[in-house]
Amino acid sequence: MPVLSVRDLSIDYTTRKGPVHAVRDVSFELEQSETLAIIGESGSGKTTLAVGLIRLSPRGTKVTSGEILYTKKGLTTDVRTLDDDDLREYRWAEAAMVFQAALNSFNPVISIWEQFNDTARAHGMKDSRRVRDRADELLDLVHLDAKRVLPAFPHELSGGMKQRVLIALALMLEPQLVILDEPTTALDILTQRSIIDLLKQLRERLGFSMIFISHDLSIAAELADRMITMYAGRVVEEANVDDMFYRPRHPYSVGLLRAVPRVSGALGSVASIPGSPPDLMRLPKGCSYAPRCPYAIDECRAADPPLIPVDTPRHQAACIRWKHVAEVLGSNAEVPVAEKLA
Ligand SMILES: Nc1ncnc2c1ncn2[C@@H]1O[C@H](COP(=O)(O)OP(=O)(O)O)[C@@H](O)[C@H]1O
Ligand SMILES: [Mg+2]
């Protein structure tokens, strides 16, 4: 039984110019203790989806279709039907989120201890002594020195330390699911590494399921069991990590893989995908990636291709040209795509 099962979820932003179709018919399942990575360029709908999963979408957002089924102890509920009280409970105690850019949104005049205390109080933990014990425990878990960190103000901590604090706060109520939106994006490479290692350790120790959102496929690959590639609000490929990394079948995933900087490569060897994502108010007819796709043919522009199984039943891609992609990439499964295409 999956912890989370998202079915045909579509989310629009209502704007004066009309609806922005930010998430379109997204479906996926997340098993107990599994890590799912959601990858895609900026603007592909990752944050809209993540925030939608915990129903914290801004005003003017409309879920136009779909279900978000959450299962605990054999009991399944649709998150879309929860009332305010249940929702509050679900948000921290079941599914906690570390928000994108939260590093910069710490309240500068509130000490870290007060952040813990506020969060705890919001969930009915009123005994300061107990909160202090829990804060010590959580900070220890993320390898921070509570004595030093708790009295500090946000500006006194490095980016990596603040990210650790945010992760500790998210773990306060022992959630079953942790959603992290670009948790390493603002950090330097070494700090990124240490956050990834930390998440691996925490997952092992605490056994939560994780949704890890990133625009960087190589970072995501380090943590994920399975991966989803999103483009223009849709899931265009879903696969286990090895299949996605070594045998991608959607040209957009291939493009993202090519954009991975190669350690051995010269500076500036990062190939970004030419062109830009479509206007989500006026999507092109057919496949939304076709205008940027090197393998597109006329048929691609006729109808939006559905997700279909490729190679194996658990590997899906929304591309009618996937066999051609497979041919171009060749059969050597041991060589990362970035090197094959170099
Ligand atoms: N409040 C909003 N109103 C209108 N459009 C929005 C709003 N927030 C995001 N969008 C648009 O929705 C699309 C998806 O954005 P987002 O979910 O933030 O993507 P990602 O997290 O993958 O970068 C983008 O085209 C973005 O411009
Ligand atoms: Mg985002």
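Guide: Axes here are lines fitted to C-alpha atoms, for helices over the stretch in contact, and angles run from 0 to 180 degrees between N-to-C directions. This is a predicted model: local features need pLDDT of at least 70, side-chain atom pairs count only at pLDDT 80 or more, and totals for chains, interfaces and linings use all residues. Residues are numbered from 1 along each chain as its sequence is written, while chains are lettered from A and ligands numbered from 1 in the order in which they are written.

Visitor: At what angle do helix α3 and helix α4 pack?

Guide: At about 115 degrees. Helix α3 covers residues 112–122, and helix α4 covers residues 128–141. Their axes are 10 Å apart. Both names follow DSSP runs (helices are H or I, at least four residues; strands are E, at least two), numbered from the N terminus.

Visitor: Which residues of α3 and α4 meet?

Guide: From α3 come Trp 113, Phe 116, Asn 117 and Ala 120. From α4 come Ser 128, Val 131, Arg 134 and Ala 135. Contact here means C-beta atoms, placed from the backbone, within 7 Å. By class, this contact of α3 with α4 has five nonpolar, two polar and one charged residues. Nonpolar covers Ala, Val, Leu, Ile, Met, Phe, Trp, Tyr, Cys and Pro; charged covers Asp, Glu, Lys and Arg; the others, Gly among them, are polar.

Visitor: Why is Ile 39 called buried?

Guide: Count its neighbours. Ile 39 has 28 C-beta neighbours inside 10 Å. A buried residue needs 20 or more; 12 or fewer means exposed, and in between is partly exposed. So Ile 39 counts as buried.

Visitor: Where is Ile 39, and what is it in contact with?

Guide: Ile 39 sits in strand β3, residues 35–39. Beyond its neighbours within four places in sequence, its contacts are Ser 214, His 215, Leu 217, Ala 220, Met 227, Thr 229 and Leu 256. Leu 202 is 163 residues from Ile 39 in sequence and 22 Å away in space, C-alpha to C-alpha.

Visitor: What makes helix α10 mostly covered?

Guide: Eight of its eight residues are buried. They include Pro 251, Tyr 252 and Arg 258.

Visitor: Is His 324 buried, partly exposed or exposed?

Guide: Its count is 14 C-beta neighbours inside 10 Å, so His 324 is partly exposed. His 324 belongs to helix α11, residues 322–329.

Visitor: How do you class Gly 286?

Guide: Gly 286 has 18 other C-beta atoms within 10 Å, so partly exposed is the term. Gly 286 lies in the loop between α10 and β11. Its contacts, not counting residues up to four places away in sequence, are Cys 300, Arg 301, Ala 302, Ala 303 and Asp 304. Ala 302 is 16 residues from Gly 286 in sequence, yet 4.7 Å in space, C-alpha to C-alpha.

Visitor: What is the phi of Ala 232?

Guide: Positive, about 50 degrees, although Ala 232 is not a glycine. Ala 232 is in the loop between β9 (226–231) and β10 (234–240). With 24 other C-beta atoms within 10 Å, Ala 232 is buried.

Visitor: And the phi of Asp 311: what is its value?

Guide: About 55 degrees, again for a residue that is not a glycine. Asp 311 is in the loop between β11 (308–310) and β12 (312–317). Its 15 C-beta neighbours inside 10 Å make Asp 311 partly exposed.

Visitor: Which residues come nearest to ligand 1?

Guide: Of the 14 around ligand 1, Tyr 13, Ala 22, Lys 46, Thr 47 and Thr 48 come nearest. A residue joins this shell if its C-beta atom, placed from the backbone, lies within 6 Å of the ligand. Helix α1 gives the largest share, three residues. By class, the shell has five nonpolar, eight polar and one charged residues.

Visitor: How far apart are the centres of domain 1 and domain 2?

Guide: The C-alpha centres lie 29 Å apart. Domain 1 spans 4–224 and domain 2 spans 250–340; these bounds come from an automatic or database domain assignment. Eleven residues of domain 1 are in contact with seven of domain 2. On the domain 1 side, β2 gives the largest share, four residues.

Note on methods
Two residues are in contact if their C-beta atoms, placed from the backbone, lie within 7 Å.
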